[in-house]
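Q: How does one read the features of a structure that contains more than a single chain? Please guide me through an example.

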Amino acid sequence: MNHALILPILVPAVVGALLVIVARHDRVLARVFSLVSMLAMLVIALGLFVSASDGSVRIYALGAWPAPFGIVLALDRLSALMLLLAAVLGLGVLLYAINGWDQRGKHFHPLYQFQLMGINGAFLTGDFFNLFVFFEILLIVSYGLMVHGGGGLRVKAGVQYVVTNLIGSSVFLIAVGLIYSVTGTLNMADLAVKVPQVPAADQALLQTGAVLLLLVFAVKAALVPLHFWLPGTYANAPGPVAALFAIMTKVGAYSIIRLYVLAFGAGAGEAAWLAAPWLLPAALVTLVLGMTGVLAARSLGQMASFAVIGSMGLLLATVAVFTAQATSAALYYLIHSTLAAGALFLIADLVVERRGPLRDRLVPAPRIAQGGLIATLFFIAAIAATGMPPLSGFLGKLLVLDAVRASAHAGWLWALILSTSLIAIVGFSRGGSIVFWKSHALPVAPAPAHRGGALPFVAVGGLLGCLTLLTVCAGPVHAWLELTAAQLYAPAGYIEAVLGTAGTVR
Amino acid sequence: MEFLVASAIGVMTAAGIYLVLRARTFPVVIGLSLLTYATNLFLFATGRLAINLPPVIAADAAGYVDPLPQALVLTAIVISFGMTAVVVVMALRAYLETGNDHVDLPGDASPEASDDDWKQRGRKQAAGPGARKGGARA
C-alpha cells in the first residue's frame, strides 16, 4: 500500500500535537516546527501531484479493510490538485503570520496545523461520513482561528459563524442518514454504483438527501441564499486567517464537484444531474450579489469577502453546466480565485496594521508606511481578482466564457459574467483609489507603529507570483486540468479503483 | 413506534429551529442542542426500527438489524457534544466582551441590543447626571 497517501493528514496531526505539548512556550521552536511541517506538506503534495498525473486513482484502505466496508482515502488528479493548492496557500499565509502576527494569541500554530489536517482530509477521503468528520475538524479549528486575537466584535461574528455551521452539520447528518437509509452505503464510489439501482419508490428519499447535502456544501461554498455568514466572518476574522479561509469555501466547491459528478452524474438513472437545476440559478445570483457587494463594501476586508462570494458564484455557475470542458475551466478559475483571495486578505491586513484605528475602512487617511509598495501589490491583486488582462483572472474568465458557449443558458452566463466583471472593476478602483490615492492629498501624519520585516511582502509577493506563474503556464496547466475533468467525467476508473482493490495490497 | 419516533424527531426539529431563530445566544444554544438530538434520533432510525433482532447476522434469525447507524450516532453525539461546548464558551466570551447576549452584530441596526448592554448601562449609571461627558461617550 502506498503510505504517502495518508501523510497529508498525518503530518499536520502529529506536528500539531507536538506543538501543543512541546513548543507551547517557545515561539521560535513553534515557528520552526510549523514551517518545517508546512514545507513537508508542500513536498508531499507535489509528490502526490506528480504521481497522480499519470491518471491512475490511488487508494489507501485504512486498516486494510476493503472498500465498501472500511474507510478509504482516494487520490485522483482533482484531490492532488486541491492538496497542492492548500499547501501553497498555507505556506504563503504561514510566512505572513510568522512575522510576529502569530503572537497575538497563544495557540496559533497548533490550530493552523489542525486546520490543514482537516482541509487535506476533506480532499482525500473517499467516504462521505468521513467527509463529515473532516468538515467538523476543519470547522472546530476554524472557530478557534476565527477569534484568534480576540475582541468583542470578532467573537460575536464568531458566534454567528459557529451557529451557522452547527446547523449545517445537523443538515449534513440528516442528509447522510437519508442517503444511507436508501442505498446502505457511505462510500462515494459504492454510492455511485448503488444510486442507479435505487427503486422508484425510494427516489424521493434519495433525492431529498442529495439536495440536502447540496445545501450543506452550498453553506460551505457561500452560495446565495446561504452566503450571509461569509462577509461577517471573513471581514471580522484576522487577515491571515481570512486568507487561509479562502481555501475553505473551495472545500465546498470541491465536494460539489466530487459527489455530484461521481454519484449523481450521467450514470445515475433517475437522479442524473440532480444538482444542476438548483446550482445554476443560485450560483448566478451569488455572482451578481458578490460583485455588487464589492461595489458597496465599506472596508478592504469586506471587499475581499464579497470578491470571494462573487468568485464562488462564477465558479459554481461554471460547474453547474456539468460538462468536462466547463469543469476544467472552473478548476482553472478555482486555483486562480483561491490565490487571489488569499493575497487580497493579506494586503487588507497590511493596510489594517499601518492605519491604526481607521483599520481598512474605505475612508481617506494620511499616507501609510510603504504605501507605494502596498498600493502596487493591491493593484496587481485587484487586476487578478476582477479578471483584467494580463493576469490569470482574465484567462480564467475567458476559458469559462468559451466553455459555457454550448450550454442552454449561455446567454445568462455571458451577460452576467461580463457585466459583473465591470461592476467589480468599478468597485475595486473605488476602494483602491480611496485608500491609496486620496491619502496623497492629506498632510503627512505620524504613522502608527507597525511591525517591520520583509516576510509579509515575501508572502503576498509569493502568492501573486503563483498567479503570474499560473498565467504564464496557462497552456500546460489547462491541458492538465482538461485531463482532470476527463477523469472526473469517466467515473468508472475511480469506482473500479476504490471497489476493485478488495483486500489487495498495492 | 414509527409514529412515536417520527413525531419526536419532528417536534424536536421544529422547536430547535424556532429557538435557533431567536435573537439571544442562550435560546440559540438550546435550539442547537435540540436540533442535534433530533438529528441523532433520525440517524438512529435510518437503520430501520426493529425489535428483538440480532445485529448483523445470526444462524437462526429471520432478519437482522443494521448496526452501522448506531456507530454513526455515537460519532455524531461525540462531535455535537464538543461543538456545544465550543459554542457555549464562545457565546459566554461574546457576552463578557460586548456586554450583551444578542446574536446580531452591532452594525446590523439592533437598538435593543445596545439597550441591553450591561457594560454601557453600568457606565451610564456610574457616570450619573453630574458627569454627562462620560455618559455621552458610553
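The dialogue below treats confidence, the contact between chains and one residue.

Q: What ipTM and pTM does the predictor give the complex?
A: This is a predicted model, and the predictor gives the complex an ipTM of 0.85 and a pTM of 0.92.

Q: Which elements of chain B have the lowest and the highest mean pLDDT?
A: A pLDDT expresses the predictor's confidence in each residue. Chain B averages 81, and 79% of its residues score at least 70. Among its elements, helix α6 (residues 132-137) of chain B has the lowest mean, 42, while helix α1 (residues 2-20) of chain B has the highest, 95. Over residues 130-138 of chain B the pLDDT is below 50, and this stretch has 8 contacts in the model beyond near neighbours in sequence.

Q: How many residues of chain B are in contact with chain A?
A: In chain B, 27 residues are in contact with 25 residues of chain A. Helices α2 (25-45) and α3 (68-98) of chain B each supply at least two residues of this side; the largest share, 14 residues, comes from α3(B). By class, this side of chain B has 18 nonpolar, 7 polar and 2 charged residues.

Q: Why is A:Gln203 classed as partly exposed?
A: The class rests on a count of other C-beta atoms within 10 Å: 20 or more means buried, and 12 or fewer means exposed. A:Gln203 has 15, so A:Gln203 is partly exposed.

Q: Where does A:Gln203 lie, and with which residues is A:Gln203 in contact?
A: A:Gln203 belongs to helix α8 (residues 203-220) of chain A. Leaving aside neighbours within four places in sequence, A:Gln203 is in contact with A:Val198, A:Glu270 and A:Ala271.

Terms used. Residues numbered from 1 in each chain as written. Chains lettered and ligands numbered in written order. Predicted model: local features only at pLDDT ≥ 70, side-chain atom pairs only at ≥ 80, totals over all residues. Helix = DSSP H or I, 4+ residues; strand = E, 2+ residues; numbered from the N terminus. Contact = placed C-beta atoms within 7 Å. pLDDT = per-residue confidence, 0-100. Nonpolar A, V, L, I, M, F, W, Y, C, P; charged D, E, K, R; others polar.
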